[in-house]
Amino acid sequence: FALSSKAQSSELKEIFEMNGINVFASSQFQFENLLSRCATKKMIYKNKIPISKFAVFEKQNLALDWCKTADFPIIIKSDMKDEIRQNFYVDTYLKAQEIIEKLFEQGFEKIVVEQEKQGHCFTSYFLTDSISHVHLANLYKNKNLRVCPDFQVSQKMQDEIFEKFYLRILDALNYENEPFSGVLKLDFEVIDNELFLNDVSAKFKTSDFILLLNALDVDI
């Protein structure tokens, strides 16, 4: 299993396979594409998967214009997930203006602005080789991580996660005839029993992985 960003962005999978060694990981290209919040959100939207309102900006003035009519609060994020964490909760236009100007002054080329909603947030983990899959668990964070969310994920909702989210994301990642293999981390928000997919990653959060190893009955 290749779990770290460093391992998956250094052609580790390709090197192992050239030497006849099986490794469970996405390709470097697939992994790096999911490091971009902008690219990930556009992929979700393009594949007609429900997602909270968002906008991507490469120019400061356009971002500021968008915020003038925004329904606050909003969240402003830098593009790359492997950068120093830049994630700002903003409840007024003046604060938004300050953050946006600061990010562009610091050299960030793209930013993402999201509509903040007060829903239930949880993460659903899958292992897949594009043919078969194992659903590991749904995790949420409320001071401490727990295996189950603070609301019941019904079988109907779990089926919806698989059919309307997991399969569509997997299909989107299987471009250029290269099957996706590895971890799929799907970050959801539930608002009035409606699911929204906010992010997709190809790696475990370290604390989640430790918890899963201790909690799962599945022989990974």
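What radius of gyration does the chain have, and what would a compact globule with 220 residues have? I looked this up before anything else, bearing in mind that the model is predicted. A compact globule with 220 residues would come out near 17 Å, and the chain has 18 Å, which agrees.

**Overall dimensions.** I then took the C-alpha trace along its principal axes and noted a span of about 55 × 40 × 30 Å.

**Secondary structure and contacts.** I found eight helices and nine strands in the chain. For contacts, I kept to pairs with a separation of 6 or more; residues 24 or more positions apart account for 62% of these.

**Burial and surface.** Of the 220 residues, 45% count as buried. The chain exposes about 12,400 Å², and 49% of that area is supplied by carbon and sulfur atoms.

**Charges.** I noted 26 positive and 33 negative side chains. The centres of the two sets lie 4 Å apart.

**Helix 8.** My last stop was helix 8, residues 206-215, where I wanted to know which residues are buried. They are Asp208, Phe209 and Leu212. These three share one side of helix 8, because they cover an arc of only 100 degrees around the axis. A reminder to myself: an α-helix has 3.6 residues a turn, so residues three or four places apart point the same way. On the face of helix 8 turned away from the buried side, I found the exposed residues Thr206, Leu213 and Asn214. So that I remember the cut-offs: buried means under 20% relative accessible area, and exposed means over 50%.

How values were computed. Residues numbered from 1 in each chain as written. Predicted model: local features only at pLDDT ≥ 70, side-chain atom pairs only at ≥ 80, totals over all residues. Heavy atoms only, no water. Helix = DSSP H or I, 4+ residues; strand = E, 2+ residues; numbered from the N terminus. Rg over C-alpha atoms; globule rule 2.2 N^0.38 Å. Buried < 20%, exposed > 50% of the residue type's maximum accessible area, 1.4 Å probe, protein only. Contact = heavy atoms within 4.5 Å. Areas by Shrake-Rupley, 256 points an atom, 1.4 Å probe, with all protein chains shown as cover. Lys, Arg positive; Asp, Glu negative; His and termini not counted. Charge placed at Lys NZ, Arg CZ, Asp CG, Glu CD. Arc of directions from axis to C-beta.
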